[in-house]
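Thanks for coming. I have one structure to go through today, and I will keep to what can be read from it.

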Amino acid sequence: MQQLNSLINEARQLTRPHEEEAKRVMQVCNACRYCEGFCAVFPAMTRRLSFSDADIHYLANLCHNCGACLHACQYAPPHEFAITVPQTLAKVRLETWQRYAWPARFGALYRHAGVTSALALTLSLSLFLLLAVALRGGLWHPPLAGDFYQIFPHNLLAILFGGVFGFGLLALIVGVIRFWRGVSGGTPRPPAALEAARHALTLTYLDGGHGEGCNDEDDRYTLRRRRFHHFTFYGFMLCFAATVVATGYHYLLGQPAPYPLLSLPVILGTLGGIGLIIGPAGLLWLNLRRAPLHGDEQQKPLDRAFCLLLLLTSITGLALLAGRDGPLMGALLAVHLGVVMALFLTLPYGKFAHGFYRCAALLKDAIEKRRGK
Ligand code: SF4
Ligand code: SF4
């Protein structure tokens with residue numbers, strides 16, 4: 001019986017090599033503890049004497065992949081211990097998103113994000129260009145004073161985008177609830193929730209633990225990644241706010257689009273669009289330069305596809321704003337909507353998920369800290 005159990009354990013370890021490697025790495029770190037002040041991962045690690053799969057899933061999502069502990073580590077390659085915390089936890093992170101994904105069979109999409117993003121973009125662009133031709137008879141038309149709804153009816157857009165975005169949000173929320181149960185998150189109370197929100201909104205753990213920032217391609221600390229993340233996140237939120245305000249104007253005030261350049265939805269959307277150019281372009285640039293041991297080479301398409309889709313969304317959105325009074329508005333609108341649809345289709349099974357899982361891990365950390373060891 002004992003032999004059978006050990007065979008089963010060995011088989012399990014072979015099927016979860018990244019989790020097993022993460023446990024080995026955490027055991028070494030727990031003995032060393034040199035990096036305790038860098039981020040929330042190391043204090044959370046010291047609250048444990050051994051590591052279950054759930055612990056590893058939680059710690060992997062708590063890691064912000066700043067790279068600091070790799071450059072500080074005396075046991076990193078070429079040392080025989082070969083400790084690479086950022087890379088090991090990055091690999092486990094992808095496994096957790098797959099494991100807790102809803103619907104479960106869609107979890108495999110995380111591994112093919114480059115292909116699915118390209119496919120979604122091709123199909124969505126084709127769909128909206130064909131729809132524009134079918135509804136207007138062509139992509140060239142007399143100026144329509146920025147009235148999008150003369151190309152695509154409002155209700156059609158509301159159903160298409162509301163449905164796809166709603167499903168994406170639902171899939172992410174269900175996935176994170178499954179993760180929360182899997183890692184025994186605990187009961188959130190307001191002080192813990194406020195602390196987690198503060199860390200998420202300020203990206204505390206991208207400051208390297210000393211305020212000087214992350215490592216990118218080498219030992220130097222910079223705040224570039226934190227700043228580009230902020231441009232991306234707040235740019236996205238401003239664009240989202242622009243959509244919410246425009247929806248309020250439409251349904252509550254009876255004022256359908258187009259809105260003047262100095263109206264609230266256009267100002268919010270323009271500022272958000274600028275943020276979504278600076279942030280994703282910067283993150284893409286940093287991604288191309290990062291030290292290979294910081295992350296998982298196989299996840300590069302996942303990271304880059306998301307940055308590219310965000311970048312294309314903002315560029316096409318601002319191009320549409322610039323050309324909305326001209327005869328090419330239909331073509332510009334179709335291209336922008338195609339890109340946004342591709343972004344929405346890939347949201348729940350792409351890099352966007354990391355924000356949801358990391359917030360859950362930060363919340364668990366804030367709860368745990370209040371509980372003590
Ligand atoms: S990453 Fe290296 S230096 Fe840091 S705690 Fe782990 S073993 Fe120690
Ligand atoms: S990479 Fe950064 S955030 Fe992740 S464990 Fe190391 S120090 Fe912490």
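Ligand 2 has 14 residues around it, and the closest are Cys39, Cys63, Cys66, Cys69 and Pro86. A residue is counted as near when its C-beta atom, placed from the backbone, lies within 6 Å of the molecule. Two elements give two or more residues each to this shell, helix 5 and helix 6 (85–100). Helices here are DSSP runs of H or I with at least four residues, strands are runs of E with at least two, and both are numbered from the N terminus. By class, the shell around ligand 2 holds 11 nonpolar residues, three polar and no charged. Nonpolar means Ala, Val, Leu, Ile, Met, Phe, Trp, Tyr, Cys and Pro; charged means Asp, Glu, Lys and Arg; the others, Gly among them, are polar.

Before going on, the basis. This is a predicted model, where local features need pLDDT of at least 70 and side-chain atom pairs count only at pLDDT 80 or more, while totals for chains, interfaces and linings use all residues. Residues are numbered from 1 along each chain as its sequence is written, and chains are lettered from A and ligands numbered from 1 in the order in which they are written.

Next, the domains. The protein chain splits into domain 1 (2–100) and domain 2 (104–371), with bounds from an automatic or database domain assignment. Their C-alpha centres lie 30 Å apart. The contact, meaning C-beta atoms placed from the backbone and within 7 Å, takes 29 residues from domain 1 and 31 residues from domain 2. On the domain 1 side, helix 4 (53–62), helix 5 and helix 6 give two or more residues each. Helix 6 has the largest share of that side, 10 residues.

Last, helix 10 (residues 224–251). Its 28 residues reach 40 Å from first C-alpha to last, close to the 40 Å expected at 1.5 Å a residue, taking 1.5 Å times one less than the number of residues.

Methods: Two residues are in contact if their C-beta atoms, placed from the backbone, lie within 7 Å.
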